[in-house]
Amino acid sequence: MNSTRTRGPQPATPDSHLYNEDLAPARQNWRAYNIFAFWMADIHSVGGYVLAASLFGLGLMGWQVLISLLVGILIVQCFANAVARPSQRTSVPFPVICRMAFGTKGANVPAVIRGLIAVVWYGIQTWLASNALLLVLLRWFPGLESWTQVSFVGLSALGWLCFTLMWLLQALVFWRGMDTIRRFNDWAGPLVYAVMFALAGWIVWRAGAGNISLSLSSETLTGGEALWQMVVAAVLVAGYFAGPTLNFGDFSRYCATEKAVRRGNFWGLPVNFLVFSIITVVVVSGTPQVFGEMLTDPIETVARIDSVTAAVLGVFAFVAATIGINIVANFVAPAFDFSHVAPEKISWRMGGMIAAVGSIFLTPWNLFNNPELIHYTVGVLAGLIGPLYGIILVDFYKVRRQKIDLDALFSSAEDSTYHYQRGVNPVALRSLIMGGLVSVPVSLAPLGDISSFAVFFGGGVAALAHGWQSGLWRRGAAGKPVTTRS
């Protein structure tokens with residue numbers, strides 16, 4: 001995490017069991033482009049490609065989908081700006097900010113929840129990227145086909161080779177620190193754009209401009225059905241980004257100004273996502289004419305290109321993008337989260353490696369191939385993301401009135417602002433349980449489109465519960481303001 005810029009204000013006398021160099025206020029040398037590149041890494045992925053394509057297949061007309069995408073991504077932008085502010089002001093990561101609402105020890109609860117979600121998806125994304133690498137190797141070296149006939153713990157020998165290589169590449173980028181991660185994302189996102197524009201041009205040339213449409217569905221919805229699907233599409237977009245946006249403070253902490261964060265979010269979210277989505281649907285809508293069937297997987301699309309070199313370069317770009325999103329969304333988060341559990345013993349790098357090693361033992365290929373298991377595993381954890389949003393945001397913006405006591409974030413003194421009861425705020429924990437009792441069942445139950453709203457239902461209930469218990473909206477009561485150390 002090298003930088004020529006000095007660190008911001010530091011806590012006066014931090015407790016060793018709440019502090020290490022990685023959790024302390026960081027150097028702030030990121031600019032708007034670095035945040036823009038962060039979102040490019042998050043969006044320019046196989047998952048982002050499939051999400052955009054699926055929304056254009058809901059039966060809506062092209063302009064209806066674009067409105068839905070814009071509404072959904074603007075919701076994400078609002079939450080990203082809100083989550084970013086406390087971390088940018090203090091230059092501390094997400095789990096440390098959680099100490100304001102949950103207490104210096106209670107913050108381990110949201111940290112572990114977010115960390116476990118990241119571990120699961122880190123393993124799955126690594127495996128998906130390794131599958132892309134496997135396709136490239138088989139394309140270039142057909143003789144490796146025999147390596148796919150031998151398997152161990154559900155994965156072929158060639159699969160293990162590719163998975164291990166992807167695992168090591170990601171670990172290497174991560175181990176070199178946040179500056180290396182920043183530089184990697186700075187070129188990975190634009191690289192995918194170059195490939196996508198080239199792919200779209202090739203598809204239009206082969207399919208003919210007349211066969212390109214902004215709708216991927218054979219039937220068109222009208223009236224109330226169309227309006228409902230527009231709402232669902234917007235919610236799906238917001239829900240897709242809920243995880244990485246929750247711990248966005250892990251990245252906004254490095255920005256020199258809040259203006260840079262907002263500018264990066266504007267160009268990286270509504271502008272970037274709409275452009276990427278349009279390119280995506282151009283490519284997908286032309287695949288039936290070019291390949292004889294609709295392909296919604298970009299890796300499969302580029303793998304079918306006649307030119308081996310072009311196909312390999314295309315797959316390489318998406319592999320790079322997958323590495324980028326995996327690091328920013330599923331490697332950095334647990335690194336800070338697990339380090340937060342025991343700062344004296346677990347550094348940021350060690351926290352990340354704990355997550356990386358743990359992802360191997362999950363055997364993500366088996367998890368991914370068991371839809372029911374992954375539904376319940378991820379559903380329970382993801383159902384708690386909404387309540388965490390509600391508690392953290394209402395606490396900072398309403399209860400705390402945007403005041404932060406930097407010293408108290410790293411102090412376990414009984415009279416410290418965030419000590420509460422032995423370092424735990426029971427109000428936040430009760431609110432988390434209340435919100436979870438709503439969001440988890442909604443997320444898991446077979447409720448169709450309604451399940452997509454679980455994050456918002458849980459977040460709303462938790463926010464109301466936390467605000468009420470903290471004294472908001474009661475006659476004669478007010479949230480306890482917190483002063484900032486000068």
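Domain bounds here come from an automatic or database domain assignment. Keep in mind that this is a predicted model: local features need pLDDT of at least 70 and side-chain atom pairs count only at pLDDT 80 or more, while totals for chains, interfaces and linings use all residues. Residues are numbered from 1 along each chain as its sequence is written, and side-chain values use heavy atoms, with hydrogens and water left out.

Start by colouring 30–369 as domain 1 and 384–473 as domain 2. Their C-alpha centres sit 27 Å apart. Domain 1 puts 37 residues into the contact and domain 2 puts in 34 (contact means heavy atoms within 4.5 Å).

Next, show the interface. About 3100 Å² is buried between domain 1 and domain 2, and carbon and sulfur atoms give 77% of that; buried area is the accessible area (1.4 Å probe) that two parts lose on being put together, summed over both. On the domain 1 side, select M100, A101 and F102: they lose the most area to domain 2, together 23% of what that side buries. Looking for salt bridges across the interface of domain 1 and domain 2? The rule finds 0 (a side-chain nitrogen of Lys or Arg within 4 Å of a carboxyl oxygen of Asp or Glu).

Last stop: I450, in the loop between α21 (426–444) and α22. Helices such as these are DSSP runs (H or I, at least four residues), numbered from the N terminus.

Technical notes
Helix = DSSP H or I, 4+ residues; strand = E, 2+ residues; numbered from the N terminus.
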